[in-house]
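Please have a look at the structure first.

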Amino acid sequence: MTSELTRQDAVRRAAADAIPAALADLGALVRIPSVAFPGFDADPVERSAEAVAALVRATELFEHVEVRRAGIPGTDEIGKPAVIARRAARNGRPTILLYAHHDVQPVGDESLWDSPPFEPTVRDGRLYGRGAADDKAGIMAHIGALRALKDALGDDFDLGVALFIEGEEEAGSRSFAQFLGENADALRADAIVVADSGNWDSRTPALTVSLRGNTRFTLRVRTLEHASHSGMFGGAVPDAMMATVTLLATLWDADGAVAVEGLHERDAVTPAYSEETLRDEAGLPAGVSPIGRGTILSRIWNKPSITITGIDAPSVANASNTLSPEVTVVISARVAPGQAAREAYAAIEAHLRAHAPFGAELEFFDQDFGNPFLVDTSGWAVADAREALEEAYGPAPVDMGVGGSIPFIADLVREFPGAQILVTGVEDPHARAHSPNESLHLETFRNALLAEALLLEKLDARTVADA
């Protein structure tokens, strides 16, 4: 027991010492605008991958560190660069795979940012910048924890470690499944830490145990062969905007709940969560009511949702007295745990076709699918992770669902069916990932790095046979 406590105390001290360098390296990564979306400069994504690879090599813990790519199935395209590394386990110890991603979301309207999105800026205990939380902080939690473990135990510890830092998660992970298949031997592990989720709040850690799936597609609505004068034909001819608005309104009922037959809900108990907390975390003004029915967290974690995320139509600046012949929208749906994403998409498409007004022509394309996920919490790695989180943060971790999606987890489960999946993260509810003024709560990052270092120490003291 004494030696165990000594090891843990050494890891604690080493993790605290690792924070300044981890934050400095995080700032350098944030400065690289690594947006992997089509149409953006690909060079920053390449530079970001090389920068991450350099940080991993500098730990001198891995037998090999490489930047690799895989083809995108069904196309002749090559995916974005990912960093992989491996260190073999010794003396019967388990192997852990640490996942994060180095690509980021586009910044959107830069005028909405209070500081430049790719210039890391500290204000009021938070580090602001695109990718500061999602997910370059996840990368540095991994690297910082490995540095702390090496500092505390030396570089001859027995734990096996694989590292996978993806380069296209925000852009849909289109080469992910192919990449896993081609690199399965390098990535195979007994437990997998996916550092791409969040925490209950800035003080309370969480393990993500359920994730909604998603389906995203583009819909084109057409009512005319060509644009026509709204004065000459308006009132007799349905324009595409009128048809689109009428059609989309059928997706929800009067309470704002999804009204599509065939979309499932999951029946599960949720923790207490007040409307006041929702308003604070989501930025919901006092005069705007929440939507849906049931507990607030059941609406976010266990029920489907549908969002219109983009629309191509005449802009306000280009508005004229014209009946639009066609309108195109992007529809993003979140799928409740327990339902396949393709099944959910089929229900939505059938609903839209059945409700198309005025005989409007509908065209569906660019479909994308990601299945939901439920975590098996009975394994030894989950127990070790709970202990490490409580030891680092103080409060016991909350089992949390997430309304967002991490579709590639289904690929991990398929490729490595025996591995235990631990979905963790460095974000708190005010991180604003994907939004202007994304930020990282610095104290949460410190605790997350310590928790992962303590988890690695626990696994280094465990044998697979004992587990």
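Predicted model: local features only at pLDDT ≥ 70, side-chain atom pairs only at ≥ 80, totals over all residues.

In soluble globular proteins, nonpolar side chains tend to be buried together.

**Nonpolar cores**
- The largest nonpolar core has 65 residues, and Phe62, Ile96, Met140, Leu440 and Phe445 are the members that touch the most others.
- Helix α13 gives this core its largest share, with 11 residues.
- Apart from neighbours within four places in sequence, Phe445 contacts Ile19, Ala22, Leu23, Ala137, Met140, Ala141, Val426 and Leu440.
- There is also a second, separate core of 36 residues, with Ile84, Leu97, Leu297 and Val423 among them.

**A buried aspartate**
- Asp460 belongs to helix α13, which covers residues 442-460.
- Is Asp460 buried or exposed? Its relative accessible area is 5%, and because that is under the 20% cut-off, Asp460 counts as buried.
- The side chain of Asp460 makes a polar contact of 3.2 Å with the side chain of Arg7.
- That Asp460 side chain also reaches the backbone nitrogen of Leu159, at 2.9 Å.
- Beyond four places in sequence, the residues touching Asp460 are Arg7, Arg93, Leu153, Phe157, Asp158 and Leu159.

**Cavities**
- The model has three cavities of 30 Å³ or more.
- The volume of the largest cavity is about 170 Å³.
- Its lining has 17 residues, and Leu389, Thr424, Ala448, Ala451 and Glu452 lie nearest the centre.
- Two or more lining residues of the largest cavity come from each of β7 (191-198), β8 (206-211), α11 (380-393), β17 and α13.
- By class, that lining holds 13 nonpolar, three polar and one charged residue.
- The second largest cavity holds about 50 Å³ of space, and its lining includes Lys80, Glu166, Glu168 and Phe176.
- At least two residues of this second lining come from each of β6 (160-166) and α4 (176-182).
- Four nonpolar, two polar and three charged residues make up the lining of the second largest cavity.

**The second largest pocket**
- This pocket has a volume of about 170 Å³.
- Among the residues lining the pocket are Phe373, Asp376, Val413, Phe416, Pro417 and Gln420.
- Strands β15 (373-374) and β17 (420-427) are the elements that each give two or more residues to the pocket lining.
- The pocket lining divides into eight nonpolar residues, three polar and one charged.

Key. Residues numbered from 1 in each chain as written. Heavy atoms only, no water. 1 Å grid on protein atoms, 1.4 Å probe; cavity = no way out; pocket = protein on both sides within 12 Å on 5 of 7 lines; lining within 4 Å. Points joined across faces, edges and corners; volume = space filled by probe spheres on them. Helix = DSSP H or I, 4+ residues; strand = E, 2+ residues; numbered from the N terminus. Nonpolar A, V, L, I, M, F, W, Y, C, P; charged D, E, K, R; others polar. Buried < 20%, exposed > 50% of the residue type's maximum accessible area, 1.4 Å probe, protein only. Polar contact = N/O pair within 3.5 Å; in protein donor to acceptor, adjacent residues only side chain to side chain. Contact = heavy atoms within 4.5 Å. Core = buried A, V, L, I, M, F, W, Y, C linked by side-chain atoms within 4.5 Å.
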